[in-house]
Amino acid sequence: MNHKLELRNVIKTFNSEEGEIKALEDINLNVKPNEFLCIIGPSGCGKTTLLRLIAGLDLPSSGEIILDGKEVKGPSPDRGMVFQEFSLFPWRTVIKNVTLGLKIRGINENEQYRIANEYIELVGLKGFENCYPYELSGGMKQRVAIARALAMDPSILLMDEPFGSVDAQTRNVLQEELLGIWKRTKKTVLFVTHSVDEAVYLADRVAVMSTRPGRIVECMDIDIARPRKRTSVEANEIREMLLMRLGSEYQKIR
Ligand SMILES: Nc1ncnc2c1ncn2[C@@H]1O[C@H](COP(=O)(O)OP(=O)(O)O)[C@@H](O)[C@H]1O
Ligand SMILES: [Mg+2]
């Protein structure tokens, strides 16, 4: 499917006890179909806010988010979100976590299980269908969250620091698996991370955000052939450029 996402002059302000907080200022972004776009930026710069707006969980204060020619006005199954914290329902088993969205969508029970099993297998959790979240490691829980998002067959997968709380080795494995899934399913992926290494390994393009109010200060194409090598000379060069760009943003908040 030819899904095209466009953000035009998006501004988001929040009203808090200390007054108005400008979280995002004038975000303009075009995301190509099937693109893997990473978004990096200092904490508090509005990355989660940006993904929530694209997901339709919140609305911009001004500006527009256009998906396939239509303005985003609320959540829809065409945009699936994977959150940083393990957001599984603790009282539901793996399979029941994955079928939930399908059930809400009114899909019949046989079909719910068929689809859920397919994605559970895709994320490597076959055999764990009847486990509860407390029986799983952090990496496994995140795999369930990914399976749950994929089961709804979104055209755009929104991922908010999804591997931020797993150990480094698991993170590498999950990155590898996500790239495999992306290749097979041809989804557009918007992936927030604060790891430059992760962005350079995964992305077609990296958007760097400024300190609050968040703006996109740079978009860098990662022209490295896949499969990539984490330690290649080109990867090191791009990492260094991004670290410098990001470093100058961090200096502003010191
Ligand atoms: N619902 C909200 N109400 C008030 N302020 C908020 C709300 N959500 C986010 N913010 C503020 O907006 C800014 C950006 O937050 P967030 O998008 O979570 O940043 P990031 O994900 O980049 O760390 C922060 O200053 C945060 O405190
Ligand atoms: Mg965040």
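Tutor: A nonpolar core is a set of buried Ala, Val, Leu, Ile, Met, Phe, Trp, Tyr and Cys residues joined through C-beta atoms within 7 Å; buried denotes 20 or more other C-beta atoms within 10 Å of a residue's own, with C-beta atoms placed from the backbone. The model is predicted: local features need pLDDT of at least 70, side-chain atom pairs count only at pLDDT 80 or more, and totals for chains, interfaces and linings use all residues. Residues are numbered from 1 along each chain as its sequence is written, while chains are lettered from A and ligands numbered from 1 in the order in which they are written.

Student: Which residues touch the most other members of the largest nonpolar core?

Tutor: In soluble globular proteins, nonpolar side chains tend to be buried together. Here the largest core holds 65 residues, of which Leu37, Ala147 and Leu190 touch the most other members. Helix α4 (residues 138-151) supplies the largest share, 8 residues; helices are DSSP runs of H or I with at least four residues, strands runs of E with at least two, numbered from the N terminus.

Student: Why does this core lie between domain 1 and domain 2?

Tutor: Because both domain 1 (5-78 + 155-251) and domain 2 (87-153) give residues to the core, it lies between them. The bounds come from an automatic or database domain assignment.

Student: What is the strand order in the open sheet of 4 strands?

Tutor: Strands pair if DSSP finds at least two bridges between them. The order is β2-β1-β4-β5, with antiparallel pairing. The edge strands, β2 (19-31) and β5 (70-71), each pair on one side only. Strand β4 (residues 62-67) is joined to β5 by 2 bridges, and leucine 67 has lysine 70 in β5 as its bridge partner.

Methods:
Buried ≥ 20, exposed ≤ 12 C-beta atoms within 10 Å, placed from the backbone.
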